[in-house]
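Here's a quick tour for anyone meeting this protein model for the first time. Have a look at the sequence and the fold, and then we'll walk through some spots together.

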Amino acid sequence: MTPIAPELSQTNGLDPSNPSASNPSLANSPLAPTDTFLHRHIGPSDAEVAEMLKLLGYESLDALSDSAVPAAIRLTKDLKLGPPRGEFELLAELHDLARKNKVVRSFIGQGYSGTVTPPVILRNILENPGWYTQYTPYQAEISQGRLEALLNFQTLISDLTALPLANASLLDEGTAAAEAMSMCRSIVLDREEGAPATFFVAADCHPQTIAVVRTRARSQGIEVVVGDPGEVGGRQYAVGSKLVGVLLQYPTTDGRILDYTKVIEKAHAAGAMVVMAADLLALTLIKPPGELGADIAVGSAQRFGVPMGYGGPHAAYMSTKIEYARKMPGRIIGVSKDVHGKPALRLTLQTREQHIRREKATSNICTAQVLLAIMASMYAVYHGPAGLKRIARRIHDATRILAEGLKRLGHDAGSDAFFDTLRIKLDPKCGFTPEEVVAGALKKNINLRPYADGSVGIAVDETVSREDLLAILEAFNNVDALPFTVSDLEAVIQTRNSQPATRNSTFLTHPVFNSHHSETELLRYIFKLQSRDLSLAHSMIPLGSCTMKLNGTSEMIPVTWPSLAHLHPYAPLDQAKGYQKLFKDLEKWLAEITGFAAVSLQPNAGSQGEYAGLLVIRAYHESRGQGHRKICLIPTSAHGTNPASAIVAGLHTVAVACDQQGNIDVEDLKAKAKEHEANLACLMVTYPSTHGVFEESIKEICKIVHHHGGQVYMDGANMNAQVGLTSPGACGADVCHLNLHKTFCIPHGGGGPGVGPIAVAKHLKALLPALLPGAEEGMGYRVSGIGKDGNSVHPKPDALNPGPVGMVSAAPYGSAAILPIPWVYIALMGASGLKKATQVAILNANYVAKRLEAHYPALYRGKSGLCAHECILDCREFERTAGVKVEDIAKRLMDYGFHAPTMSWPTPGTLMVEPTESESKGELDRFCEAMIHIREEIRAVETGQLDRSDNPLKHAPHTAATVTADAWTHKYPREQAAYPAKWLRDHKFWPTVGRVDNPYGDRNLVCACPPVDAE
């Protein structure tokens, strides 16, 4: 089994049934917990809060929040979430809950495999805040370590799939396949906007992948045909429709390795592209998609050391040909150079990011599964090409042993080549049923995969043991003892060569994959890269709209408990009773917080939440016979994922203007709603606004949209300013998504993972991506969108029973393994703690704005003169007075040891600051002092004391190599460059590269590990 951090012991003297945990009346008793989390999560002490309030002119947090939040939407009752809790008692309670899960050896397959996480990776990456608290690497100079690890991931994917361009990961295999479908349509139809498209999906793809593809296709008007791949060339499609792509599973979901050469030739002859969903580990032994002629490869890197986690998070992958670079969704890491000519990494092809393309987007993905992709890349670095082949051969040999043994028992193990998966047809004379085989295996603590036709699937993985093989064979045996031993079978297969579709090409030849195979070497490599990244372990990351707050250790510890980490997402439901209780708790709490009736936890990213929420709105209109309603109103200030998500959901966007204060222009909204009344589907709104203001007119805005037949979708990006004070429901919205990696403490992980559940009002409850009772192929439940034949189905909604919208993620509960984080956070904070966290977030933002107002005026304020939980600092004048751009300020902040605030969004030439409630007054003051220092440097340029072109801002950031070089050619001293503030003498974070040359990286596209002689 995977080495995992030890769980809490039940012999530690703690009674998990501590009455103070369940009885709020005892929370203030003499025996109440002393280790409550509230004062650990909130940075400023009570004395500091009072001091900050005094500066702002308020007597209390309640007075401040009452002034900031419009009276019409304020909550009149406390949230029903109980009191704050102690960390020790709550972890014991969660441990007791997790023990209700049954960790069974799952050989189900279907895209999820048991794996061994090397302890050096587990401890030093997954459990290390130096890796999981970093922000997205938009500021490349202080993200070089993570960027290198992601470049390694891209190289891993490109090499194994034999396609030259890979991205830095996607969300899961199902959504990656859906993204590939959209990419195929975009490439094949190109400028034929709106032209009908058909996408062919092989029936032997994983059923959940088919379901996710169907959901996406339906929203985008793409016809999906599911069938035998051999039909690709001769099948007739809808009149006028163009076959844009073919999706093939490699190996198939039931394990067969097929030669797809002719299928690919037929697809290309029809003008279609070919997507292959391939098993990465199998590709170390079998011919890769690129060599077979595929155009795109997708899949999951889960089995490269990332636990199954009941479905996620895992890093999906996509690779393709170089010519499709600008059509590829997600992020791509590229090699560029800095101002000194030194190689430097960055996010490349920035303009291809979908949220920048807005209404022209073909995808709404603006994230990656960074932390998990890094784990997978380090798994490959640690094992190297020879080690990966060893693991793959061992798995294949174990599968061959099973096949040999099952044939000796009279069963049909199939005649096709295989890698790790078998589909067994029982000997008709064996005297027992498939159900009895599955039940017999379960008695031996093993899950197998039953099929509706009576066959049984077995998918072997890296964790398989001799005892597992014996137990499986015994489950298929109809006599008291096996007539052979595993050793007998092992001796037989050693005399036979079995290398179907042998791979002859080399892979992972770069030294990085051939130099770190001892734990000592990998440990040093991990920490070398970690030292090149700024994270919350170093300083505050004051990013507007991204909420980089504390990811508490107590919240993070359960993620690696075996009882949560090692469950297969399609295991029988009764094996996940602990998870089911956790899900119900979390759904109930999030419904209470949002003021809505129901929650779906399935969307596994904020972008997926937006998409799912819009699908619910579409399904609602369709259920009422108004499927023509497809106009989505979006304020011009909205985050770019909003219009991108609307396009992906099959809606048409119409912009609504904002006024001089950054608020939605109500008169323009009225006019647009009236103009599009017949076809109005919804309004997408962020609250507080993207300008960091509680708009007074939010209830009126919602009423206008409802009056004209639309629904209101609220983007949950700014929920950190709402919890406990107001809610989307109180504002009048109908649906919202929540960024659990923002407000609810799931860490950013360097750009991912995330979770984006949606909450809906009562009239939309039945339309959520849902789990229905019943049995799917013998598993404990059926996932909406998967039929009993193992293929995907998507019932069309009707007026009486609209049904759920279909699957939006590949696993029933999305990234289930990280849901314990918000569960712990909400339970620890309680109602009063969550409210105080929101109030302190508002306090901290207004404190920063007040301290800096003489140097950087806050651009937008509400009616009371306050901002919400973030403020926008106006830097536009500096370019005129000193030639200093907002980017110069951002890079100079690195010299002070800070990550820059959000640059030039939603207003060009500004910085959006969100300090969060977790930062102490001392850290806020340090940030403010850095910003004031920088303003003084700008002033020195304005007065001529510093040169307009040769000054510390224009040449920031300064590396250690630069300031210690023999030659110093600048007109300002080295000390000002390196140590502009006194606190830096105590601790200094050094960027490892100078300012990165972005255009050079785009002109010279290199997205894999460069040759050693190029470094």
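Predicted model: local features only at pLDDT ≥ 70, side-chain atom pairs only at ≥ 80, totals over all residues.

## A glycine in a loop

Let's start with G754, which sits in the loop between β20 (735-738) and β21 (758-760). Residues are numbered from 1 along each chain as its sequence is written, and side-chain values use heavy atoms, with hydrogens and water left out.

Is G754 buried or exposed? Its relative accessibility is 9%, so G754 counts as buried. The cut-offs are under 20% relative accessible area for buried, over 50% for exposed and partly exposed in between, using a 1.4 Å probe and protein chains only. Leaving out residues up to four places away in sequence, G754 touches Q369, N604, A605, H741, S815 and I818; contact means heavy atoms within 4.5 Å. L165 is 589 residues away from G754 along the chain, and their C-alpha atoms are separated by 25 Å.

The loop between β20 and β21 also holds P753. The peptide bond from G752 to P753 is cis, with omega near 25°.

## The whole chain

Zooming out, the chain has 33 helices and 26 strands. The radius of gyration is 28 Å, close to the 31 Å that the globule rule gives for 1015 residues, so the chain is as compact as a globular protein of that length. That radius is taken over C-alpha atoms, and the rule is 2.2 Å times the number of residues to the power 0.38. Along the principal axes, the C-alpha atoms fill a box of roughly 90 × 70 × 70 Å.

Of the 1015 residues, 65% count as buried. Among contacts in the chain with a separation of 6 or more, 78% come from residues 24 or more positions apart. As for charge, there are 98 positive and 106 negative side chains, and the centres of the two sets lie 2 Å apart. Lys and Arg count as positive and Asp and Glu as negative, with His and the chain ends not counted; each charge is placed at NZ of Lys, CZ of Arg, CG of Asp or CD of Glu.

## Covered strands

Now for some strands. Two of them pair if DSSP finds at least two bridges between them. Strand β18 (residues 680-686) is mostly covered, with seven of its seven residues buried. Strand β16 (residues 631-635) pairs with β18 in the parallel sense over three bridges, and I631 stands opposite L680 in β18. Five bridges also join β18 to strand β19 (residues 711-716), again running parallel; here L683 has V712 in β19 as its bridge partner.

Strand β3 (residues 197-202) is mostly covered too, with six of its six residues buried. In a regular strand the side chains alternate between the two faces of the sheet. On one side of β3 are A197, F199 and V201, on the other T198, F200 and A202, and all are buried. β3 pairs with strand β4 (residues 222-227) in the parallel sense over six bridges, and the bridge partner of F199 in β4 is V224.

β25 and strand β26 (residues 910-913) are joined by two bridges, and M903 has L911 in β26 as its bridge partner.

In the loop between β25 and β26 you'll find S904. Its phi is near 55°, a positive value in a residue other than glycine. S904 is partly exposed, with a relative accessible area of 30%.

## Other spots to look at

Most residues other than glycine have a negative phi, and most peptide bonds are trans. A162 has a positive phi of about 60° although it is not a glycine, and it lies in the loop between α8 (144-161) and β2 (165-166). The peptide bond from Y250 to P251 is cis, with omega near -10°.

Technical notes. Helix = DSSP H or I, 4+ residues; strand = E, 2+ residues; numbered from the N terminus.
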